[in-house]
Amino acid sequence: MSASTQPPVLSLSNVVSGYKGLQVLKGISFDIAAGDFVTVVGPNGHGKSTLLKTISGLVPLTSGAIRINGEPAPGKPHTIAGLGVAHVPQGDMLFPEMSVLENLLMGAYLAPSKAEIDRRLDEVYTLLPKLSDRRDQVASSLSGGERRMVGIGRGLMMGGQILLIDEPSLGLAPLIIEQIYGVITELSRSGRTILLVEENPARVADLADHLHLLDDGIIVWSGPPAELLARDELLATYLGG
Amino acid sequence: MLDILTAILIAGLTTGALYALATVGLSLVWGSMGMLNMAHAAMLTLGGYSAFTLCTVLGLPVIAGFAGAILVGAVAGGLLYVLIVRNLLKTDKATFESNVMIATVGIGIALENAILLTYGGQPLKQPISATGSFILGPVSLPYQNMLIVLVVIALMAVIALLLGRTRMGRAIRATAQNREAAQLMGVAVNSVYFQVLVLSGAIAGICGVMVSSMTQLSPPLGNDPMLKAFIMCVVAGLGNLPGAVAAAFGLALLEAFVQYVAGARWGFPTLLFVVIAVLIWRPAGLFGRVQIRRM
């Protein structure tokens with residue numbers, strides 16, 4: 001189902017997962033090629049975040065397979081992070097008592113050298129200059145938009161090949177959402193592989209190469225964003241119009 | 001008047017330093033793992049007896065006794081993780097806090113009894129101690145008290161640097177603040193837990209040497225500092241490291257003052273009264289978060 005002819009960097013095959021006594025994902029399959037921008041949309045509580053958590057290892061796989069660069073994904077989140085999967089979770093999940101800089105440095109926890117950390121830090125400050133101004137501020141004192149920026153910056157500091165972004169616009173003002181999506185657009189243009197979860201397909205219409213509609217733990221529709229936006233009956237049934 | 005105030009200050013600072021050392025080990029483990037290590041007292045005692053064995057029994061120099069106490073404490077902390085904590089974490093995480101508390105109570109009792117069987121119940125003299133005083137006009141500063149305060153200050157600086165400036169320290173703090181996010185950054189949290197218990201054990205070892213140098217070695221040596229350290233932790237807010245150190249010095253000075261004014265028997269009841277008052281006023285402690293994140 002990849003939008004590209006490149007071999008997949010991330011491949012999901014009949015993925016089933018969930019929480020104690022609750023099956024959330026009920027057989028998800030798709031591939032993502034290097035440089036693709038893929039979005040998963042769907043109503044709240046139907047498994048979008050669980051999908052990203054399953055890929056990054058926070059939610060264990062019940063059955064099925066996840067492959068990263070053709071190799072089976074190891075089960076633990078820290079080893080999956082080591083394979084270049086950077087997860088920017090919903091609600092930021094920052095380290096609240098650390099400064100912005102310390103949060104960013106935690107993103108580069110597995111970086112091979114000081115020079116590489118400095119290079120990534122320069123890159124993040126260029127893309128998100130506000131973080132440079134706020135570098136010594138404690139994360140818990142930041143605004144919602146700034147926290148989201150730190151979350152994205154921390155994900156970039158991981159230097160990952162695959163970026164998983166969970167609902168970056170959730171709970172933010174329209175102006176901030178615009179800024180956040182401006183950054184995501186830059187990331188996409190730089191050739192990064194992005195899997196983004198979003199509730200509103202219109203936000204990714206010009207960005208995503210491919211879109212999956214997730215409902216009750218299964219993918220009910222896949223295709224280009226423009227095609228979904230033209231299908232009023234799908235929008236009405238799954239996304240409330 | 002000056003000599004009385006100095007005596008209270010010296011007693012308060014020395015006791016505060018010892019309390020702070022005991023409290024840091026306990027608070028570090030609670031803050032990063034959500035684990036109340038009830039065997040901390042026995043690990044402290046083990047450190048004191050290790051130094052005694054190396055210096056008095058084997059005749060090694062003082063520095064070897066000190067290093068040995070640190071090493072034995074660290075090994076005890078590591079073994080506690082490998083043999084007990086790691087396995088409890090594999091089971092139901094919801095009951096980890098209570099299970100690990102009960103398990104470490106058992107380990108503490110077993111260790112204390114093992115020490116009793118090995119060394120007997122009679123008090124022994126800790127060979128690592130300094131005699132004499134530094135006289136400054138009307139004020140006399142015992143070298144032993146100065147040694148304790150200086151060692152504790154140096155140790156606090158090392159711990160602060162370790163937690164604040166190193167990759168390992170950042171991983172420990174990150175795990176304490178948000179375990180899942182730390183994992184996503186590539187932190188192996190089980191390895192962090194191991195490091196925390198090793199570090200805490202090493203601190204307990206040093207603390208055991210320091211406490212026994214002021215009193216004497218006996219199998220229940222660690223129980224009183226552990227009880228006081230727990231009070232300091234609760235007053236500060238469980239898991240808050242700088243707060244615990246501040247509470248340790250503050251309460252120790254208060255205890256020394258009350259003991260001088262009202263008599264030695266009123267020191268401990270006063271501490272308990274302060275704990276009750278603080279918990280009524282601020283249930284999460286003076287510097288504590290309302291909810292402590294558990295691993």
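1. Over residues 66-88 of chain B the chain is 100% helix and 0% strand, with the end C-alpha atoms 32 Å apart. The structure is a predicted model. UniProt, in an unreviewed entry, lists 66-88 as one of the spans under "transmembrane region" in chain B.

2. Helix α3 of chain B covers residues 62-90. From first C-alpha to last, this 29-residue helix reaches 41 Å, close to the 42 Å expected at 1.5 Å a residue.

3. For residues 266-284 of chain B, the model shows 79% helix and 0% strand, and the end C-alpha atoms lie 26 Å apart.

4. Chain B as a whole has 11 helices and two strands. Read from the N terminus, the order of its elements is α-α-α-α-β-β-α-α-α-α-α-α-α.

5. How does the radius of gyration of chain B stand against that of a compact globule, and why is 19 Å the figure to look for? A compact globule of 295 residues would have a radius of gyration near 19 Å, so the 19 Å of chain B agrees with it. Along the principal axes, the C-alpha atoms of chain B fill a box of roughly 60 × 50 × 35 Å.

6. Of the 295 residues in chain B, 46% count as buried. Contacts in chain B between residues at least 6 apart in sequence join residues at least 24 apart in 75% of cases.

7. Helix α10 of chain B, residues 241-262, has 22 residues and reaches 31 Å between its first and last C-alpha, close to the 32 Å expected at 1.5 Å a residue. Its buried residues include B:Leu241, B:Val245, B:Leu251, B:Glu255 and B:Val258. Among the buried residues of α10(B) are also B:Gly243, B:Ala244, B:Ala247 and B:Ala248.

8. Which elements cover the buried residues of α10(B)? The cover includes α1 (2-33), α5 (143-165), α9 (223-236) and α11 (267-281) of chain B. Just after α10(B), B:Gly263 takes a positive phi of about 110 degrees.

9. The contact between the chains takes 14 residues from chain B and 20 residues from chain A. On the side of chain B that touches chain A, the elements giving two or more residues are α6 (167-177) and α7 (179-184) of chain B. The largest share of that side, five residues, comes from α6(B). By class, the side of chain B that touches chain A has seven nonpolar, four polar and three charged residues.

Methods: Residues numbered from 1 in each chain as written. Chains lettered and ligands numbered in written order. Predicted model: local features only at pLDDT ≥ 70, side-chain atom pairs only at ≥ 80, totals over all residues. Contact = placed C-beta atoms within 7 Å. Helix = DSSP H or I, 4+ residues; strand = E, 2+ residues; numbered from the N terminus. Nonpolar A, V, L, I, M, F, W, Y, C, P; charged D, E, K, R; others polar. Expected span 1.5 Å × (residues − 1). Rg over C-alpha atoms; globule rule 2.2 N^0.38 Å. Buried ≥ 20, exposed ≤ 12 C-beta atoms within 10 Å, placed from the backbone. UniProt positions renumbered as here; feature names shortened; annotations may be inferred.
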